[in-house]
Amino acid sequence: MAKRKGIEVSIALSDAVKLTNADVIAAYPITPQTHIVEHLAELVANGELDAAFIPVESEHSAMSACLGSSATGARTFTATAGQGLELMHEVLYVASSMRLPIVMAVANRALSGPLSVWGDHSDVMAVRDTGWIQIFVENGQEAIDHTICAFRIAEDNRVLLPVMVHLDGFHLTHMIEPVTLPEEEDVSRFLPPNRYPLPLDPVKPVAMGDFAPPVIYTEAKWAQEINLRNSKSIILEVWREFEKAFGRKYLPVEHYRSEDAKTLIMTMGSFSETASLAVDSLRQKGESVGQIKLRLWRPFPFKELRDAVKNADTLVILDRALSYGGPGGPVCTEIRAALYNEAKKPKIVSFVGGMGGRDISVAGFEQIITQGMEIARKGSPNEYEIFGVRE
Amino acid sequence: MPKKTEAEMTWKDIEVGCIVTEPGNAAQYKTGAWRSQRPTYTFSRCIKCGICQMYCPEGCITQNKEGFFEANLDYCKGCGICAKECPTRVINMVEEEE
């Protein structure tokens, strides 16, 4: 039986990569992802993980090396954060369009400037349209579980897409938490070997990363889009299989005391647990409040989201990223669009906060929820509210 | 890759990740279509040395039945390197006209 122990989340995530028996890790260290790749480098150097660790000179090279590695059919992992994710930006599109099942942990970090090494979701939102499957995790256990699931999803021959596992920089990566690391044989049973259908092979040569003139580009992109959309049912299938094997259940939109709630707060990532405490506190004060948490960011879970909010009067959404000059937080904007044509939908209030590592306390979330309820009643002159800024 | 031409292929016909499994299909493209100049020849001056063929970056120059070297205009980009390198000035580049 797997034992529960206290461990730093970055180390736990690296140990999960070891359990998947990854073949190649190509990564460049960047705060707050550093401990993940440091620990993986140690595991490889100590002979505990039989993998090639490629210490590249930049994140652009890290992702490029991952393309080559994944194209041979090797199980491939990398990790990055913030500016590193931006530096590999153009290669991310190539990974998804070439349908390479790379798994990447992203220790979410604010983008410069001003220079910040601390956490928020501006890096996530900048890579929204890269065609990767994107999953938010909330705590150390989820970081382990979703890293393992990510390989099975990515490598499933009905999917064959790269997967990002988003975990908040510092607020999650650097926490020591009690987690259960699964046993290696259980992971091996859950995660079959990677069987990429058309790998680079001298015996059966193929050409990858080809040129598409206007006559075929639209067809190529539509094939990719259909495939990403269809991946949702397989993601759900993998999570159901994971529950059967390990007893922990995951959903694309998670719920907390939301069934009968008139007001819902929506969060992503590690701030979700703090918001849950605020929901408890407001419930004690007699407010009809609940929470939904967005786990699956891409492909977007339209059905599950619509079902989750259909009985609520007010939906308050906290984004940890700004869309400068735009209509609100990026997640909120998408949710407004997803609900616009629904006959029955809640009023939506957009908050942006928790940027550049700024913490939001339980009292802060209570304030966001109550202020959100007031705005839903009275309206606001603003497109969105900024939380916690000093006037 | 199916035998359909690109213009006939639907999104369902595309191999996973747009992988090309059949070698040599780039020959389907007539890549000389956007040439702005083309080579013309005065074969009476040609000594059949083959220098133009060696220098051609496109690899589109072959010997014809009489042994003279000539560019395949389906692939010639009109760069003029052959004309520049020809020691006996056989090749003259002229403007393509609509």
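In this predicted model, the C-alpha centres of domain 1 and domain 2 of chain A lie 28 Å apart. Domain 1 covers 4–246 and domain 2 covers 254–386 of chain A, with bounds from an automatic or database domain assignment. Local features need pLDDT of at least 70 and side-chain atom pairs pLDDT 80 or more, while totals for chains, interfaces and linings use all residues. Residues are numbered from 1 along each chain as its sequence is written, chains are lettered from A and ligands numbered from 1 in the order in which they are written, and side-chain values use heavy atoms, without hydrogens and water.

- Domain 1 of chain A gives 31 residues to the contact and domain 2 of chain A gives 26, where contact means heavy atoms within 4.5 Å.
- About 2300 Å² is buried between the two domains of chain A, 57% of it on carbon and sulfur atoms; this is the accessible area (1.4 Å probe) lost on putting the two parts together, summed over both.
- A:Phe136, A:Glu138 and A:His171 supply 29% of the area that domain 1 of chain A buries against domain 2 of chain A, more than any other three residues.

- Five salt bridges are counted between domain 1 and domain 2 of chain A (a side-chain nitrogen of Lys or Arg within 4 Å of a carboxyl oxygen of Asp or Glu).
- A:Asp168 and A:Arg320 form a salt bridge through their side chains, at 3.4 Å from N to O.
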